[in-house]
Amino acid sequence: MKKILITEFMEQESVDKMSEIFDVTYDTTLHNNQDRLSSLIAMTDAVIVRNKTQLTEELLLKANKLIFVGRLGVGLDNIDTNFCSANNIFVQPATGMNADSVAEYVITCALSLLKNIPISHSGTASGQWPRTSIESRELGGKTLGLLGFGTIGRKVCRLAQVFGAEVIAYDPFVQKSDISEFNISLVEQEKLFSLSDVISIHLPLTNDTKDLINENSFNLMERNPIIINSSRGSIVNENDLIKAYSQNVISGFALDVYSSEPIKEDFYKQISNSMNCILTPHTSGVTSESNIRVSEFITEKTISFLNG
(Lines give C-alpha, C1' and ligand atoms only; values in the text may rest on other atoms or scores of the structure.)
Protein backbone atom coordinates (compact mmCIF):
# COMPACT_ATOMS: atom_id res chain seq x y z
CA MET A 1 0.00 0.00 0.00
CA LYS A 2 1.33 3.42 -0.95
CA LYS A 3 2.22 5.79 1.87
CA ILE A 4 1.21 9.44 2.29
CA LEU A 5 2.79 11.79 4.83
CA ILE A 6 0.90 14.94 5.88
CA THR A 7 3.00 17.33 7.94
CA GLU A 8 0.64 20.25 8.55
CA PHE A 9 -3.05 21.00 9.07
CA MET A 10 -5.49 19.49 6.59
CA GLU A 11 -9.26 19.09 6.77
CA GLN A 12 -10.05 15.82 8.54
CA GLU A 13 -12.57 14.69 5.94
CA SER A 14 -9.87 14.87 3.28
CA VAL A 15 -7.42 12.97 5.47
CA ASP A 16 -10.04 10.30 6.09
CA LYS A 17 -10.81 9.99 2.37
CA MET A 18 -7.18 9.27 1.55
CA SER A 19 -6.86 6.91 4.52
CA GLU A 20 -9.50 4.66 2.96
CA ILE A 21 -7.15 4.03 0.02
CA PHE A 22 -3.60 4.60 1.28
CA ASP A 23 -1.46 4.29 4.38
CA VAL A 24 -1.63 7.85 5.73
CA THR A 25 0.47 9.39 8.50
CA TYR A 26 -1.02 12.71 9.64
CA ASP A 27 1.06 14.66 12.14
CA THR A 28 0.86 18.46 12.25
CA THR A 29 3.96 18.69 14.45
CA LEU A 30 6.32 17.07 11.96
CA HIS A 31 7.54 20.37 10.51
CA ASN A 32 9.11 21.02 13.93
CA ASN A 33 10.65 17.55 14.26
CA GLN A 34 13.32 17.23 11.61
CA ASP A 35 14.61 13.86 12.79
CA ARG A 36 11.21 12.17 12.69
CA LEU A 37 10.34 13.89 9.42
CA SER A 38 13.58 12.61 7.87
CA SER A 39 12.82 9.10 9.06
CA LEU A 40 9.23 9.03 7.82
CA ILE A 41 9.84 10.68 4.46
CA ALA A 42 12.28 7.93 3.52
CA MET A 43 9.34 5.50 3.26
CA THR A 44 6.82 7.90 1.71
CA ASP A 45 5.37 7.95 -1.80
CA ALA A 46 3.63 11.32 -1.37
CA VAL A 47 4.05 14.19 1.07
CA ILE A 48 1.52 16.97 1.69
CA VAL A 49 2.69 20.23 3.26
CA ARG A 50 1.77 23.84 3.89
CA ASN A 51 4.43 26.55 4.14
CA LYS A 52 6.20 25.63 7.38
CA THR A 53 7.68 22.33 6.18
CA GLN A 54 10.97 22.97 4.39
CA LEU A 55 11.45 20.40 1.65
CA THR A 56 15.12 21.10 1.08
CA GLU A 57 17.51 19.13 -1.09
CA GLU A 58 19.05 17.67 2.06
CA LEU A 59 15.69 16.31 3.19
CA LEU A 60 14.54 15.23 -0.27
CA LEU A 61 17.73 13.21 -0.78
CA LYS A 62 16.40 10.89 1.92
CA ALA A 63 13.03 10.49 0.20
CA ASN A 64 13.97 7.62 -2.08
CA LYS A 65 10.37 6.62 -2.86
CA LEU A 66 8.87 10.10 -3.14
CA ILE A 67 7.03 10.82 -6.37
CA PHE A 68 4.47 13.48 -5.38
CA VAL A 69 4.41 16.68 -3.30
CA GLY A 70 1.05 18.27 -2.55
CA ARG A 71 1.18 21.91 -1.44
CA LEU A 72 -1.79 23.09 0.63
CA GLY A 73 -1.45 26.58 -0.78
CA VAL A 74 0.20 28.32 -3.71
CA GLY A 75 3.73 29.49 -2.89
CA LEU A 76 6.52 27.00 -3.52
CA ASP A 77 9.50 28.77 -1.95
CA ASN A 78 9.64 26.18 0.86
CA ILE A 79 10.09 23.39 -1.70
CA ASP A 80 13.24 22.74 -3.70
CA THR A 81 11.39 22.58 -6.99
CA ASN A 82 14.61 22.28 -9.02
CA PHE A 83 15.51 19.10 -7.14
CA CYS A 84 11.99 17.77 -7.56
CA SER A 85 12.00 18.43 -11.29
CA ALA A 86 15.38 16.79 -11.74
CA ASN A 87 14.29 13.71 -9.79
CA ASN A 88 10.81 13.13 -11.26
CA ILE A 89 8.94 14.32 -8.18
CA PHE A 90 5.72 16.01 -9.22
CA VAL A 91 4.82 19.16 -7.28
CA GLN A 92 1.13 20.09 -7.11
CA PRO A 93 0.12 23.47 -5.63
CA ALA A 94 -3.51 24.28 -4.85
CA THR A 95 -3.60 26.95 -7.52
CA GLY A 96 -6.62 29.24 -7.26
CA MET A 97 -8.24 27.48 -4.33
CA ASN A 98 -7.62 30.32 -1.85
CA ALA A 99 -7.82 33.16 -4.36
CA ASP A 100 -11.22 34.43 -3.18
CA SER A 101 -9.98 34.63 0.39
CA VAL A 102 -6.84 36.58 -0.55
CA ALA A 103 -8.76 38.93 -2.84
CA GLU A 104 -11.23 39.74 -0.06
CA TYR A 105 -8.32 40.37 2.30
CA VAL A 106 -6.74 42.85 -0.12
CA ILE A 107 -9.93 44.83 -0.61
CA THR A 108 -10.67 44.78 3.14
CA CYS A 109 -7.21 46.20 3.85
CA ALA A 110 -7.47 48.80 1.10
CA LEU A 111 -10.80 50.08 2.42
CA SER A 112 -9.62 50.05 6.05
CA LEU A 113 -6.36 51.87 5.35
CA LEU A 114 -7.91 54.46 3.05
CA LYS A 115 -10.27 55.30 5.90
CA ASN A 116 -7.45 55.20 8.49
CA ILE A 117 -9.46 52.71 10.54
CA PRO A 118 -6.46 51.35 12.50
CA ILE A 119 -5.71 54.86 13.80
CA SER A 120 -9.39 55.67 14.37
CA HIS A 121 -9.83 52.45 16.32
CA SER A 122 -6.81 52.90 18.58
CA GLY A 123 -7.71 56.54 19.23
CA THR A 124 -11.35 55.82 20.05
CA ALA A 125 -10.48 52.78 22.15
CA SER A 126 -8.08 54.89 24.24
CA GLY A 127 -10.75 57.46 25.07
CA GLN A 128 -10.05 59.99 22.34
CA TRP A 129 -12.66 61.11 19.84
CA PRO A 130 -10.73 61.64 16.57
CA ARG A 131 -13.82 62.40 14.51
CA THR A 132 -12.43 65.43 12.69
CA SER A 133 -8.69 64.92 12.99
CA ILE A 134 -8.37 61.77 10.86
CA GLU A 135 -8.87 61.82 7.10
CA SER A 136 -11.09 59.17 5.53
CA ARG A 137 -11.09 58.38 1.81
CA GLU A 138 -13.05 56.20 -0.60
CA LEU A 139 -11.73 53.52 -2.94
CA GLY A 140 -13.95 54.82 -5.74
CA GLY A 141 -11.98 57.02 -8.10
CA LYS A 142 -8.62 55.81 -6.79
CA THR A 143 -6.05 53.96 -8.87
CA LEU A 144 -5.23 50.44 -7.74
CA GLY A 145 -1.91 49.15 -9.01
CA LEU A 146 -1.47 45.38 -9.15
CA LEU A 147 2.03 43.95 -9.29
CA GLY A 148 1.15 40.66 -10.93
CA PHE A 149 -2.07 39.86 -12.75
CA GLY A 150 -2.63 36.16 -12.25
CA THR A 151 -5.62 34.44 -10.66
CA ILE A 152 -5.61 36.45 -7.43
CA GLY A 153 -4.78 39.75 -9.11
CA ARG A 154 -7.73 39.32 -11.45
CA LYS A 155 -10.12 38.63 -8.59
CA VAL A 156 -8.83 41.71 -6.75
CA CYS A 157 -9.39 43.68 -9.95
CA ARG A 158 -13.02 42.60 -10.25
CA LEU A 159 -13.77 43.49 -6.62
CA ALA A 160 -12.03 46.86 -6.82
CA GLN A 161 -13.93 47.82 -9.96
CA VAL A 162 -17.21 47.25 -8.09
CA PHE A 163 -16.14 50.12 -5.82
CA GLY A 164 -15.33 52.31 -8.81
CA ALA A 165 -11.54 52.04 -8.67
CA GLU A 166 -9.41 52.33 -11.78
CA VAL A 167 -7.08 49.34 -12.06
CA ILE A 168 -3.65 49.23 -13.64
CA ALA A 169 -1.28 46.27 -13.60
CA TYR A 170 2.30 45.30 -14.25
CA ASP A 171 2.91 41.74 -15.38
CA PRO A 172 5.53 40.97 -18.05
CA PHE A 173 4.02 37.52 -18.62
CA VAL A 174 0.55 38.79 -19.57
CA GLN A 175 -0.44 39.97 -23.04
CA LYS A 176 -2.98 42.76 -23.58
CA SER A 177 -5.04 40.42 -25.72
CA ASP A 178 -5.39 38.04 -22.77
CA ILE A 179 -7.02 40.61 -20.48
CA SER A 180 -9.27 42.65 -22.76
CA GLU A 181 -12.29 41.63 -20.68
CA PHE A 182 -10.93 43.30 -17.53
CA ASN A 183 -10.90 46.93 -18.69
CA ILE A 184 -7.48 47.70 -17.21
CA SER A 185 -4.22 49.20 -18.42
CA LEU A 186 -0.96 47.25 -18.46
CA VAL A 187 1.86 49.61 -17.52
CA GLU A 188 5.54 49.47 -16.75
CA GLN A 189 6.53 48.94 -13.14
CA GLU A 190 7.86 52.48 -12.65
CA LYS A 191 4.66 53.99 -14.01
CA LEU A 192 2.58 51.81 -11.68
CA PHE A 193 4.56 53.13 -8.72
CA SER A 194 3.99 56.74 -9.76
CA LEU A 195 0.27 56.49 -10.60
CA SER A 196 -1.13 54.25 -7.87
CA ASP A 197 -3.05 55.24 -4.73
CA VAL A 198 -3.02 51.60 -3.58
CA ILE A 199 -0.38 49.04 -4.57
CA SER A 200 -1.08 45.34 -4.03
CA ILE A 201 1.57 42.69 -4.62
CA HIS A 202 0.74 39.36 -6.28
CA LEU A 203 4.11 37.94 -7.31
CA PRO A 204 6.11 34.80 -6.56
CA LEU A 205 9.37 35.15 -4.66
CA THR A 206 12.26 34.81 -7.10
CA ASN A 207 15.73 36.28 -7.40
CA ASP A 208 14.19 39.04 -9.52
CA THR A 209 11.39 39.90 -7.08
CA LYS A 210 13.35 39.72 -3.80
CA ASP A 211 13.47 43.23 -2.29
CA LEU A 212 11.55 44.52 -5.31
CA ILE A 213 9.80 47.07 -3.09
CA ASN A 214 12.74 48.98 -1.66
CA GLU A 215 13.92 52.54 -1.12
CA ASN A 216 14.33 53.10 -4.85
CA SER A 217 10.76 51.90 -5.46
CA PHE A 218 9.35 54.14 -2.75
CA ASN A 219 11.13 57.14 -4.26
CA LEU A 220 9.10 56.62 -7.44
CA MET A 221 5.77 56.71 -5.59
CA GLU A 222 4.17 60.12 -6.10
CA ARG A 223 0.69 59.66 -4.61
CA ASN A 224 1.43 58.67 -1.01
CA PRO A 225 0.05 55.17 -1.68
CA ILE A 226 -0.99 52.31 0.53
CA ILE A 227 1.10 49.12 0.20
CA ILE A 228 -0.53 45.69 0.60
CA ASN A 229 1.54 42.51 0.54
CA SER A 230 -0.25 39.18 0.76
CA SER A 231 2.21 37.44 -1.56
CA ARG A 232 5.70 36.74 -0.17
CA GLY A 233 7.42 38.69 2.58
CA SER A 234 10.88 39.14 1.12
CA ILE A 235 9.45 40.99 -1.89
CA VAL A 236 9.11 44.03 0.37
CA ASN A 237 12.15 45.38 2.20
CA GLU A 238 10.59 45.87 5.62
CA ASN A 239 13.14 48.40 6.89
CA ASP A 240 12.64 50.54 3.79
CA LEU A 241 8.87 50.19 4.23
CA ILE A 242 8.97 51.53 7.79
CA LYS A 243 11.26 54.35 6.68
CA ALA A 244 8.91 55.26 3.82
CA TYR A 245 5.95 55.35 6.21
CA SER A 246 7.79 57.47 8.79
CA GLN A 247 8.72 59.94 6.05
CA ASN A 248 5.11 60.08 4.73
CA VAL A 249 6.14 58.60 1.39
CA ILE A 250 3.34 56.06 1.86
CA SER A 251 0.15 56.57 3.86
CA GLY A 252 -0.31 53.05 5.20
CA PHE A 253 0.53 49.40 4.73
CA ALA A 254 -0.85 45.92 5.28
CA LEU A 255 1.43 42.92 5.62
CA ASP A 256 0.31 39.32 5.79
CA VAL A 257 3.73 37.91 4.90
CA TYR A 258 7.20 38.72 6.21
CA SER A 259 10.87 38.13 5.48
CA SER A 260 10.96 36.01 8.64
CA GLU A 261 7.96 34.15 10.02
CA PRO A 262 6.99 34.43 12.82
CA ILE A 263 8.03 38.08 12.72
CA LYS A 264 11.04 39.07 14.76
CA GLU A 265 11.19 41.57 17.59
CA ASP A 266 13.37 44.04 15.69
CA PHE A 267 10.46 44.48 13.24
CA TYR A 268 7.38 44.47 15.43
CA LYS A 269 9.02 46.79 17.95
CA GLN A 270 8.86 49.46 15.23
CA ILE A 271 5.06 49.16 15.03
CA SER A 272 2.83 51.34 17.22
CA ASN A 273 -0.90 51.89 17.66
CA SER A 274 -0.56 55.32 16.08
CA MET A 275 0.38 53.84 12.70
CA ASN A 276 -2.03 53.29 9.84
CA CYS A 277 -1.10 49.67 9.32
CA ILE A 278 -2.49 46.15 9.50
CA LEU A 279 -0.35 43.13 10.38
CA THR A 280 -1.71 39.60 10.11
CA PRO A 281 0.04 36.22 10.58
CA HIS A 282 0.07 34.86 7.00
CA THR A 283 -3.67 34.15 7.04
CA SER A 284 -5.00 36.11 4.06
CA GLY A 285 -5.64 32.87 2.20
CA VAL A 286 -6.79 30.90 5.23
CA THR A 287 -10.54 30.82 5.79
CA SER A 288 -12.89 28.02 6.73
CA GLU A 289 -14.07 27.89 3.14
CA SER A 290 -10.65 28.02 1.51
CA ASN A 291 -9.28 25.33 3.84
CA ILE A 292 -11.98 22.97 2.59
CA ARG A 293 -11.36 23.85 -1.07
CA VAL A 294 -7.58 23.50 -0.75
CA SER A 295 -7.79 20.20 1.12
CA GLU A 296 -10.33 18.70 -1.28
CA PHE A 297 -8.32 19.82 -4.32
CA ILE A 298 -5.03 18.35 -3.09
CA THR A 299 -6.80 15.17 -2.00
CA GLU A 300 -8.25 14.61 -5.45
CA LYS A 301 -4.92 15.37 -7.13
CA THR A 302 -3.04 13.04 -4.77
CA ILE A 303 -5.44 10.15 -5.28
CA SER A 304 -5.45 10.62 -9.04
CA PHE A 305 -1.66 10.75 -9.25
CA LEU A 306 -0.97 7.76 -7.01
CA ASN A 307 -3.61 5.67 -8.73
CA GLY A 308 -2.55 6.75 -12.20
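Which residues are buried in α7? They are Gly-153, Val-156, Cys-157 and Ala-160. The model is predicted.

**Helix α7**

- Helix α7 is made of twelve residues, 151–162. From its first C-alpha to its last it reaches 17 Å, close to the 16 Å expected at 1.5 Å a residue.
- Gly-153, Val-156, Cys-157 and Ala-160 are the buried residues named for this helix. They lie on the same side of α7 because they cover an arc of only 105° around the axis.
- The cover over these buried residues includes α5 (99–114), β6 (143–147) and β7 (166–170).

**Nonpolar cores**

- The largest nonpolar core has 28 residues. Leu-146, Phe-149, Ile-184 and Ile-228 have the most contacts inside it.
- At least two residues of this core come from each of α5, β6, α7, β7 and β10 (226–229). The element that gives the most is α5, with nine residues.
- Not counting residues up to four places away in sequence, Ile-228 touches Val-106, Cys-109, Ala-110, Val-198, Ile-199, Ser-200, Ile-201 and Ala-254.
- A second, separate core has 26 residues, and it includes Ile-168, Ile-213, Tyr-258 and Cys-277.

- Strand β6 is largely enclosed by the rest of the structure, because five of its five residues are buried.
- Thr-143, Gly-145 and Leu-147 point one way from β6, while Leu-144 and Leu-146 point the other way.
- β6 pairs with β7 in the parallel sense over five bridges. One of the residues involved is Leu-147, whose bridge partner in β7 is Tyr-170.

- Five strands form an open sheet in the order β2-β1-β3-β4-β5, with parallel pairing. Its edge strands, β2 (23–26) and β5 (90–93), each pair on one side only.
- On average, neighbouring strands of this sheet are turned by 15° against each other, direction ignored.
- Three bridges join β1 (residues 3–6) and β3 (residues 46–49) in the parallel sense. Leu-5 has Val-47 as its bridge partner in β3.
- Helix α1 (residues 12–19) lies across β1, β2 and β3, and runs at about 150° to β2.
- Helix α2 (residues 34–41) has Leu-37, Ser-38, Leu-40 and Ile-41 buried. The buried residues of α2 pack against β1, β2 and α3 (57–60).

**Backbone details in loops**

- Most residues other than glycine have a negative phi, and most peptide bonds are trans.
- Asn-88 has a positive phi, near 55°. This residue sits in the loop between α4 (81–86) and β5. Asn-88 is exposed, with a relative accessible area of 68%.
- Asn-183 has a positive phi, near 55°. The loop that holds Asn-183 runs between β7 and β8 (185–186). Asn-183 is exposed, with a relative accessible area of 68%.
- The peptide bond from Glu-261 to Pro-262 is cis, and its omega is near -5°. Pro-262 belongs to the loop between β11 (252–255) and α11 (265–268).

Technical notes:
Residues are numbered from 1 along each chain as its sequence is written. This is a predicted model: local features need pLDDT of at least 70, side-chain atom pairs count only at pLDDT 80 or more; totals for chains, interfaces and linings use all residues. Side-chain values use heavy atoms; hydrogens and water are left out. Helices (H or I, at least four residues) and strands (E, at least two) are DSSP runs, numbered from the N terminus. The expected span of a helix is 1.5 Å times one less than its number of residues. Buried means under 20% relative accessible area, exposed over 50%, partly exposed in between (1.4 Å probe, protein chains only). The arc is that of the directions from the helix axis to the C-beta atoms. Contact means heavy atoms within 4.5 Å. A nonpolar core is a set of buried Ala, Val, Leu, Ile, Met, Phe, Trp, Tyr and Cys residues joined through side-chain atoms within 4.5 Å. Two strands pair if DSSP finds at least two bridges between them. Axes are lines fitted to C-alpha atoms, for helices over the stretch in contact, and angles run from 0 to 180 degrees between N-to-C directions.
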